[in-house]
There are 2 protein chains.
Amino acid sequence: MKGAVLYGPRDVRFEERDAPKIIKPTDAVIRMSATCVCGSDLWPYRGINPIDQPTPMGHEYCGIVEEVGSAVTSIRRGQFVIGSFFASDNTCPICQAGYQSSCQHRELVGGAQAPLLRVPLADGTLVAIPDSPSDDLIPSLLALSDVMGTGWFAADAANVKPGMTVAVVGDGAVGLLGVLSARQMGAERIIAMSRHESRQKLAREFGATDIVTERGDDGVAHIKELTNGIGADAVLECVGTQESMTQAIRSTRPGGSVGFVGVPHGVEINGEELFYAHVHLHGGPAPVRRFLPELIDLVLNGTINPGKVFDLTLPLDEVAKGYRAMDERRAIKTLLRP
Amino acid sequence: MKGAVLYGPRDVRFEERDAPKIIKPTDAVIRMSATCVCGSDLWPYRGINPIDQPTPMGHEYCGIVEEVGSAVTSIRRGQFVIGSFFASDNTCPICQAGYQSSCQHRELVGGAQAPLLRVPLADGTLVAIPDSPSDDLIPSLLALSDVMGTGWFAADAANVKPGMTVAVVGDGAVGLLGVLSARQMGAERIIAMSRHESRQKLAREFGATDIVTERGDDGVAHIKELTNGIGADAVLECVGTQESMTQAIRSTRPGGSVGFVGVPHGVEINGEELFYAHVHLHGGPAPVRRFLPELIDLVLNGTINPGKVFDLTLPLDEVAKGYRAMDERRAIKTLLRP
């Protein structure tokens, strides 16, 4: 089969790879219905996270089970399934506490930008959908594999509750779906921070009530202005830079919460500032598995449509074009069809 | 009147000062029943927080109202009252959210190591006790002014719930009362980190079930060993150094919480480590006012006896001796009687 392999900065190739096989009896192999490019794929693509060797790319997936290992009991060949980028057993104490992305036996899933994918710990990782979904639902179901679950975790980690004022730092796909999540959790006012017209438009469609275009101290000042000088009850940090983290902490009212899901790159948080800011801080790799059953229901019953973040759809063999469009911010997120 | 004034490193003098007066109509002046030396007083005492000029010391207090300003409505001359080190109006949106120590109109209370003290925003800050308490309750009531409220906030910020395993970093008075708070909130297992026999003894008396004497990586390893390799559900950071903060974060299970109340000195938190640690982080100056009514009840009905942390009682004019004993760790906490 052919799949996406990163060779170095801005060098993604679609090339022959060994087809994945069952290695452990707890594995499954699935045939991809769709996959996509993640904002976090851009870190190695841009050379910010250097790679040592040619690396199969992609970790977002949904599709039909092709084969299962001998120890797999709850997942069957032919089922339509969704899973997370971290495989998890879903039984260890950490999974039971809802932190499957820190599972004691977790394994990274990789190489999803291909027609076939091996998923470890299939029973714990994969959630099957009763009937095969109609084709128009595929983008929204695929989104649950990472980007929607991550936006949802940002809002969950920021303790978003009905009636709250929420600010979202970052207008990438995760930030936009953070807006949708906050709305779904009952936020009354949602301030999206964005400078890009097409992203502002989608933010409003997802439930944003206000747009702030400024960044840094000016962005903080604008948020304060919109919140009687106090700051937002909850702030979703969906970027992962020093600037975005600082902005998030300073935009939050004392006693409020920052949920951070942007993978931190060179971020240092000053203890004294955090102390006097009086904010709650929580984040990390989203425990997508915790949210999958609820989010699948919300997609299947038409309540949410997170697939709208895919504003570019390409055949899988044009994957390099998909990376380029996201790198140049011409696309919010690229969906790939094998 | 005479009160404690800090002149420089390890130079506390008991000397003549102007007696405090009502300055604003919202002030009260109280006659101290008891006051004490705080762990945080040691930062300037040791020269780690340098001072610019001779500084009246002390911010923990309880006593009898001597005089109130013309705008004070709920506090009367003759009442026995307790307040926090931050005066607060208790009506602004931040106070209403329970963060009175970040009140929009907060003022630091200072100069409490003296027979008389001016307390701003008396209506919002002071909580009166129906009858004058018996003398043996004074130490425990005084403790509520800061040290007990701060230990309580550490446990509250760390989301301590019944049945949890809790670790406490720091065996000063705040850490010891963090142990008591965790027990009161229903923690099943409480691991106190301490190397000092007398403090270990008090920790056990307050509810500690385990003692860990190691620090740093060894301390973390021991906590992991006691918690099936996972870490504690909640960790109370009651010191404020880089080592103690790092130890607290690394001792917490994914999804667990760190409550930090040690005033951070030179602490930097690495964003990436915090991300993958998956812990909740919350702290700051304790909103003591939020907890006062509940904690006063617990003291008056004999449920808790936080005054046990005072293992040295001196007449106020020997205040310098009280600082010295705490600086040299011969005393956990010094109570001063005017």
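How many bridges join strand 1 of chain A to strand 2 of chain A? Six bridges join strand 1 (residues 2-8) to strand 2 (residues 11-16), and the two run antiparallel.

This is a predicted model, in which local features need pLDDT of at least 70, side-chain atom pairs count only at pLDDT 80 or more, and totals for chains, interfaces and linings use all residues. Residues are numbered from 1 along each chain as its sequence is written, while chains are lettered from A and ligands numbered from 1 in the order in which they are written.

Helices (H or I, at least four residues) and strands (E, at least two) are DSSP runs, numbered from the N terminus. Two strands pair if DSSP finds at least two bridges between them.

The hairpin of strands 1 and 2 of chain A has two residues between the strands, and Arg10(A) there takes a positive phi near 60 degrees. Strand 1 of chain A also pairs with strand 4 (residues 55-56) of chain A, in the antiparallel sense over two bridges.

Chain A also meets chain B: 27 residues of chain A are in contact (C-beta atoms, placed from the backbone, within 7 Å) with 27 residues of chain B. Among the elements that give two or more residues to this side of chain A are helix 10 (271-277) and strand 15 (252-260). Strand 16 of chain A pairs with strand 16 (residues 268-270) of chain B, antiparallel, over three bridges.

Bridge partners in these pairings are listed below.

| Residue | Bridge partner | Strand of the partner |
|---|---|---|
| Ala4(A) | Phe14(A) | strand 2 of chain A |
| Leu6(A) | Thr55(A) | strand 4 of chain A |
| Glu268(A) | Asn270(B) | strand 16 of chain B |

Terms used. Two residues are in contact if their C-beta atoms, placed from the backbone, lie within 7 Å.
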